[in-house]
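Student: Could you walk me through this model, starting from the overall layout and then going into the details?

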Amino acid sequence: MMPTITAFADSPDQGAGLARDMRVRWALEEVGQPYQVRLVSFAQMRAPAHLALHPFGQIPTYEEGTLTLFESGAIVLHIAEQHPGLLLPEELDARARAITWMFAALSTVEPPIVELEIAELLERNESWSQQRLPLVKNRIHHRLRQLAAFMGPKDWLDGAFSAADLMLVHVLLRLSGAGILEHYPDLRRYLARAQERPAYRRAFAAQLAVFTASQPSA
Ligand code: GTB
């Protein structure tokens, strides 16, 4: 059964691929699973029909037959599990390590990055904002130094590309334009390598097309 995902009808990033539906689109493209997208406005995300799919009124969601999922990590894991050997290794220890890195991307690397976005977008007019920003950035640098030390110049986290790389790459891409990744050349090459994957390109083009279609023609 073809799954349906939800995405922003009007993404604040204007098609830059930063919203979390991008992870799900990318995973679906990696495994060759066609999918449908239902675009939702912010008002629709607060309405009962969407809250029945996602208790926090967010995107992405994933519907497949009688199954409804939310949380991008859980959705990508589900997609990977449905296609053994493509986004998760079949060997049990390697599979467990890949899942560990999915959790690490979401619960150890992503939080300080989200914290920076909140500091820059929502707290920038607070009197204490300029004092706090360096602290928030230092927490990210701390994580990236640790990550860069682990990765070195390796192509991927642990052997072949996996759902762990997909998740970690998308988390790190949220730092684009923040002036931070420039200090980590191996990580930048890692991101560029991932962005060259045909599945990434297809997913990126699909979400960008939503923004392009919403623009008035010249
Ligand atoms: N933990 C959940 C997951 O991983 O699925 C988090 C889901 C989430 O934060 N969804 C966001 C959302 O629905 C969209 S992705 N926000 C609306 C709301 O909460 O009301 C976060 C996001 C939004 C915008 C940009 N951007 O403009 O660059 C990037 C990322």
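This is a predicted model: local features need pLDDT of at least 70, side-chain atom pairs count only at pLDDT 80 or more; totals for chains, interfaces and linings use all residues.

Student: How is the chain divided into domains?

Tutor: Domain 1 covers 4–86 + 199–214 and domain 2 covers 92–197, with bounds that come from an automatic or database domain assignment. The C-alpha centres of the two domains lie 21 Å apart.

Student: And how many residues of each are in contact?

Tutor: 12 residues of domain 1 are in contact with 11 residues of domain 2, where contact is defined by C-beta atoms, placed from the backbone, that lie within 7 Å. On the domain 1 side, α1 (21–31), α4 (72–82) and α9 (198–214) each supply at least two residues, and the largest share, 5 residues, comes from α1. Helices here are DSSP runs (H or I, at least four residues), as are strands (E, at least two), and both are numbered from the N terminus.

Student: Which classes of residue make up that side of domain 1?

Tutor: The side of domain 1 that touches domain 2 has 9 nonpolar, 1 polar and 2 charged residues. In this scheme Ala, Val, Leu, Ile, Met, Phe, Trp, Tyr, Cys and Pro count as nonpolar, Asp, Glu, Lys and Arg as charged, and the others, Gly among them, as polar.

Student: OK, helix packing next. At what angle do α1 and α4 cross?

Tutor: Two packed helices are described by the angle between their axes and the distance between the axes. The axes of α1 and α4 come within 9 Å and cross at roughly 5°, and the two helices are therefore roughly parallel to each other. The axes are lines fitted to C-alpha atoms, for helices over the stretch in contact, and angles run from 0 to 180 degrees between N-to-C directions; those under 35 degrees count as roughly parallel, over 145 as roughly antiparallel, 65 to 115 as roughly perpendicular and the rest as oblique.

Student: Which residues meet there?

Tutor: Arg 23, Val 24, Ala 27, Leu 28 and Val 31 of α1 meet Ser 72, Ile 75, Val 76, Ile 79 and Ala 80 of α4, a contact with 8 nonpolar, 1 polar and 1 charged residues by class.

Student: What about α6 and α8, parallel or perpendicular?

Tutor: Helix α6 (residues 129–151) and helix α8 (residues 185–195) have axes that come within 9 Å and cross at roughly 75°, so they are roughly perpendicular to each other. In this contact Leu 144, Leu 147, Ala 148 and Met 151 of α6 meet Asp 186, Leu 187 and Tyr 190 of α8, which divide into 6 nonpolar, no polar and 1 charged.

Student: How many residues of α7 are buried?

Tutor: Helix α7 (residues 163–173) is mostly covered, with 10 of its 11 residues buried, among them Asp 165 and His 170. A residue is buried if 20 or more other C-beta atoms lie within 10 Å of its own, exposed if 12 or fewer, and partly exposed in between, with C-beta atoms placed from the backbone. What covers the buried residues of α7 includes α1, α4, α5 (92–121) and α8.

Student: Switching topic, what surrounds the ligand?

Tutor: The ligand is surrounded by 13 residues, the closest being Pro 12, Asp 13, Leu 18, Gln 58 and Ser 72, where near means a C-beta atom, placed from the backbone, within 6 Å. The shell divides into 6 nonpolar, 4 polar and 3 charged residues, and Ser 72 is also one of the buried residues of α4.

Student: Which non-glycine residues have a positive phi?

Tutor: Among them are Gln 14, with a phi of about 55°, and Glu 71, with a phi of about 80°. Gln 14 is in the loop between β1 and α1 and counts as exposed because it has 12 C-beta neighbours inside 10 Å. Glu 71 lies in the loop between β4 and α4 and counts as partly exposed, with 17 such neighbours.

Student: And where is the cis peptide bond?

Tutor: The cis peptide bond joins Ile 59 and Pro 60, with omega about 5°, and Pro 60 is placed in the loop between α3 (48–51) and β3.

Notes:
Residues are numbered from 1 along each chain as its sequence is written. Two residues are in contact if their C-beta atoms, placed from the backbone, lie within 7 Å.
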